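Please look at the aromatic side chains in the model shown here. Which rings pair up, and where do they sit?

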Amino acid sequence: LKDVLKFSKLEGLKAEKILSDVKKLLEQEPSLGDLKISDVSDEMPWLKLPVLKSVHPDISTFCDAIDITWTPDKGRHAVANRDIATGEFLIVEKAVTSSLYSEFKSSNCHHCFKQLPLRQIHCNSCSAVRYCSEDCRKIATDGYHEHECGIQDVYEKTLGQIVAEGGKADGGIKFHQLAFKTVCMKPFKWFQTNSKILQSKLKSIENKNCVRSRYEDLLLLITHEKENADSRSFYFLIGAVFQLRSLQVSGYFGTKKSKVTESLTEEELFIGKILYSLIVRMQFNTHGVTEGTPDHPSDIIDGCLKRGKPFENKIRCIGNAVFPTLAMLNHSCYSNIFKVFVNTTVVVFASQNIRKGEEVTENYYPVSQILPRPERRSWLKSGYWFECSCVACMENYPIISQTTPEPEILRCQKENCFGTSRSSECPFCKAAINRKELKAEVESCWKTIQSARQHLHSANTDYQDLVSNADIVRKNYIRLQELTSLHCQKLYEAEVIFWRGNRLTMGNRAY
């Protein structure tokens, strides 16, 4: 506390008064002086990482139910090698690199993104960042923060101007920041030692059999370099030069410089090349790290959540990160997985029943439940430079408000038959379909899900009750998928409620 007060602008008497009050409090409650950050973390079961039951033999972050394959039309992608049940954990991957957005520097740990406790740990040299623990501060201070310490404001202002002039002010600066931090994570000697490996990866062409999981594999991520306009590449280059000069001044290459020379050494040029390469790759390969946001108090009446909108996803993006193995999954506007983040680790689980042989897909943002096909395709073309050909786009899935509230298509209940029908007979196995009975069961599952949903809200502090109701939702949502098919509104809404349950019981929180 004395160290913190030294940095404050409080007058001497006010600082002494605060110090005196804290001493009195500690005399009354001695146990407070022994408080550890871990004591707080132990009370956050939603930040406990799951363990994959069976790990993929070649990809330690994947479960063994997923295979990575390659085809000319889809490129590298993931396929289920067995049936996967809704809720099954598929990927647990710690970010290779991550960067907290500056607007969250006072509420989240600069290193691990965790919500800051009341007992914050400050940087010893600047007031721009805060940490949740001594461990996080040490990792950051001993590594990347040494080269960004004290220059964040100038860095953001100058780099922001460069990015804005390049016509990419809407988030582009965040890619530059992430690229800069990625280089700072490794000492210059590491790049010298691994220069041949890194040079080969910079020159390599897409390898169909390559599995990307290490730091150096960041250089294998897609670039769309041939489609990059010269003007865009020019501003990326200016950004890389600015970052390189910052590294020279901070002493990254061994000696701090008050002035930098016009010429660059071969080693400095190599780091500049790495910086430029990373900036180009970050625009297509980052994931937003999210945390759950609280429900509005007016949405909770007598401890129960009111009936809300058909589609909701109460999260906010607090930073970005790169997950090289997750990046191997293709996009779909109606994906079959859902992601939550525990600090800077992504946890991926199946959000639908996935049959053997089906592609396992993720979503880059535009979902078919709320955005019409033209808007989704336009956004993806602008941000990721591809024409989406997922099943939702090819078959033009309706948005949730255009779906039917009652199930029109029902599934055949005969074992090992996946037939669906609008009539009373399965078109594949010819078995009878009791539509009245199946519709009644659909309604029963839906009522059970709605009942459980009332308890799934941020004001419910009983964690075990949240877990119990989330599991009720999961089981009944699984059964709904066995009873009916797209495009039943209840099926869409049940999946959204399933997301809510998982978001409340696992992952970062802003409350």
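The model is predicted: local features need pLDDT of at least 70, side-chain atom pairs count only at pLDDT 80 or more, and totals for chains, interfaces and linings use all residues. Residues are numbered from 1 along each chain as its sequence is written, and side-chain values use heavy atoms, without hydrogens and water.

The structure holds 21 aromatic pairs (Phe, Tyr or the six-membered ring of Trp, centres within 6.5 Å; planes under 30 degrees apart are stacked, over 60 edge-to-face, the rest tilted). Phe284 and Trp385 pair edge-to-face, because their planes stand at 70° with the centres 4.9 Å apart. Phe284 belongs to helix 10 (residues 266-285), and Trp385 to the loop between helix 11 (373-384) and helix 12 (391-394), so the pair ties together parts 101 residues apart in sequence. Helices here are DSSP runs of H or I, at least four residues, and strands are E runs of at least two, numbered from the N terminus.

Phe284 is buried at 8% relative accessibility. Trp385 is also buried, at 19%. Buried means under 20% relative accessible area, exposed over 50%, and partly exposed in between (1.4 Å probe, protein chains only).

Tyr364 and Phe386 also pair edge-to-face, with centres 6.2 Å apart and planes at 85°. Tyr364 is partly exposed at 24%. Phe386 is partly exposed, with a relative accessible area of 24%.

Ring pairs also link Phe89, Phe311, Phe338, Phe349, Tyr477, Phe498 and Trp499 into a cluster.

Charges over rings come next (NZ of Lys or CZ of Arg within 6 Å of the ring centre and within 35 degrees of the ring normal).

| Charge | Ring | Distance from ring centre |
|---|---|---|
| Lys181 | Tyr144 | 4.2 Å |
| Arg355 | Phe418 | 4.1 Å |
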